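Subject: The structure we talked about

Hi,

Here's the structure I promised to pass on. Have it open while you read, and my notes follow below.

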Amino acid sequence: AEVQVAVAANFTAPMKDIASQFEKDTGHKVITSFGPTGGFYSQIQNGAPFEVFLAADDTTPEKLEKEGGTVAGSRFTYAVGKLVLWSAKPGYVDDQGAVLKKNAFKHLSIANPKTAPYGAAAVQVLAKLGLTEATKSKLVEGASIAQAHQFVATGNAELGFVALSQVYKDGKLTGGSGWNVPGDLYEPIRQDAVILTKGKDNPAAQALVDYLKGPKATEVIKAYGYGLQ
Amino acid sequence: MPLSEHDLAAIRLTLELASLTTVLLLVVGTPIAWWLARTRSRLKGAIGAVVALPLVLPPTVLGFYLLVTMGPHGPIGQLTQFLGLGTLPFTFAGLVVASVFYSLPFVVQPLQNAFEAIGERPLEVASTLRAGPWDTFFTVVVPLARPGFITAAILGFAHTVGEFGVVLMIGGNIPEKTRTVAVQIFDHVEAMEYAQAHWLAGGMVLFSFLVLFALYSSRRFKAGLS
């Protein structure tokens, strides 16, 4: 059968890998849409045809669940996001994040803290380090974590808080320099998935969710720099 | 008051951006439109096409190229850094530059139509009366093309107010610098603050309707619209 999935933008690369393996292993077909979690929420509320939803946070799936838009008991954490302070320039960010305290940069890119979980986490890190005031006038916000990364990748911002999954593959950074922000500086970024009401009777939807919990998918998820619950 | 302090700041910023952009567009667009209306050059087609590009290109294309070219490694970015101006993304000046590109056809095309509608005759008469080219332009062309100027200014202003994709891509959402009304609405919707989104979005619909209503119901302006 076919299953239509809405996937949080930060999970784009691993999902492509997982989907193609899943198709090979099960014979089901996956149609994926990638985008912002808040945007998907309003689309689902307004009758979007998605059957499974992989969100960038845990609050949006929970909200849908409370509103009766999901299959009861289907919600689970498929990945835990990790935050990294990253620069496209090699050697710019040290492995202790001291570059933040030195404050010699012009622009620090973050995702919108109001709407993106990675943005909210970045703001928590700055607060814990006591740097909220010092960096206030240097913050630039991307509408999503993808855009926050784009500002840094194009060099318009010297550094930024991005998702580790965006700059990490097979156990190392794909380029530039970064500081893996210690987990005690921000609330865990739990990314939850649910089966939506539209996917209730679709065996492929259940199969995909089971597959996401299985060893093949979790290996891919870890290789992209996510943690697991 | 249903509008927050941030909403009001976004409205103020948007009006400043649109006003400054409109003035610059009239300054830049008038000679381009004049040249396009008068020239017999073989380049006319190419230049006209370049001016019209923002009409058909998605804002993502313009935004992406502006981000790359105005960035520290791009040609415009290297020039502005060389001049000691820093780089343009994330600044109000950057939004103005982007808006001038983005709204250019909305100013050039009505002006070009107005200039073409004047024809050769008034210009010939002016020159037999020994008016110089500048004199002719300001005392003959500008008054005759006045409806075209008004249309161009209104469309340039309104289109800049309605700009979203380009601002989103190069702005960085900084309050009082690059957070315009359109971006503020996007934020409200993304944060599921639908009530606040409604106030601003409804205001935009009303504003745009009134602008276009004024434009279409006034006959004198029709000369400028093709």
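Let me start with a question: how do the residues of the lining of the second largest pocket divide into nonpolar, polar and charged? There are four nonpolar, five polar and five charged ones. Do keep in mind that this is a predicted model.

Staying with that pocket, its volume is about 270 Å³. It has 14 lining residues, and the ones nearest its centre are A:Glu141, B:His6, B:Asn173, B:Pro175 and B:Arg179. Two elements each give two or more residues to this lining: strand 7 (139–142) of chain A and helix 10 (181–190) of chain B.

Now for the largest pocket, at about 350 Å³. Its lining is made of 22 residues, and if you want to find the centre, look for A:Asp57, A:Thr59, A:Ala116, A:Pro117 and A:Ala120, which are the closest to it. Sorted by class, this lining has 10 nonpolar residues, plus six polar and six charged.

Which elements of chain A supply at least two residues each to the lining of the largest pocket? They are helix 2 (37–45), helix 3 (59–66), helix 5 (117–128) and strand 12 (189–195). Helix 5 of chain A gives the most, with four residues.

The domain assignment gives domain 1 (2–80 + 189–223) and domain 2 (83–180). On the contact between them, domain 1 of chain A puts in seven residues and domain 2 of chain A puts in nine. Their C-alpha centres are 27 Å apart. Back at the largest pocket, each of these two domains of chain A provides at least three residues of the lining.

Last stop: strand 11 (residues 177–180) of chain A.

To find the pairing on screen, look for A:Val84, which stands opposite A:Asn180 of strand 11.

Cheers

Terms used. Residues are numbered from 1 along each chain as its sequence is written. Chains are lettered from A and ligands numbered from 1 in the order in which they are written. This is a predicted model: local features need pLDDT of at least 70, side-chain atom pairs count only at pLDDT 80 or more; totals for chains, interfaces and linings use all residues. Side-chain values use heavy atoms; hydrogens and water are left out. On a 1 Å grid over the protein atoms alone, a cavity is a set of points where a 1.4 Å probe fits but cannot get out, and a pocket is an open set with protein on both sides within 12 Å along at least five of seven lines; lining residues have an atom within 4 Å of a point. Grid points are joined across faces, edges and corners, and a volume is the space filled by probe spheres set on the points. Ala, Val, Leu, Ile, Met, Phe, Trp, Tyr, Cys and Pro count as nonpolar, Asp, Glu, Lys and Arg as charged, and the others, Gly among them, as polar. Domain bounds come from an automatic or database domain assignment. Two strands pair if DSSP finds at least two bridges between them. Contact means heavy atoms within 4.5 Å.
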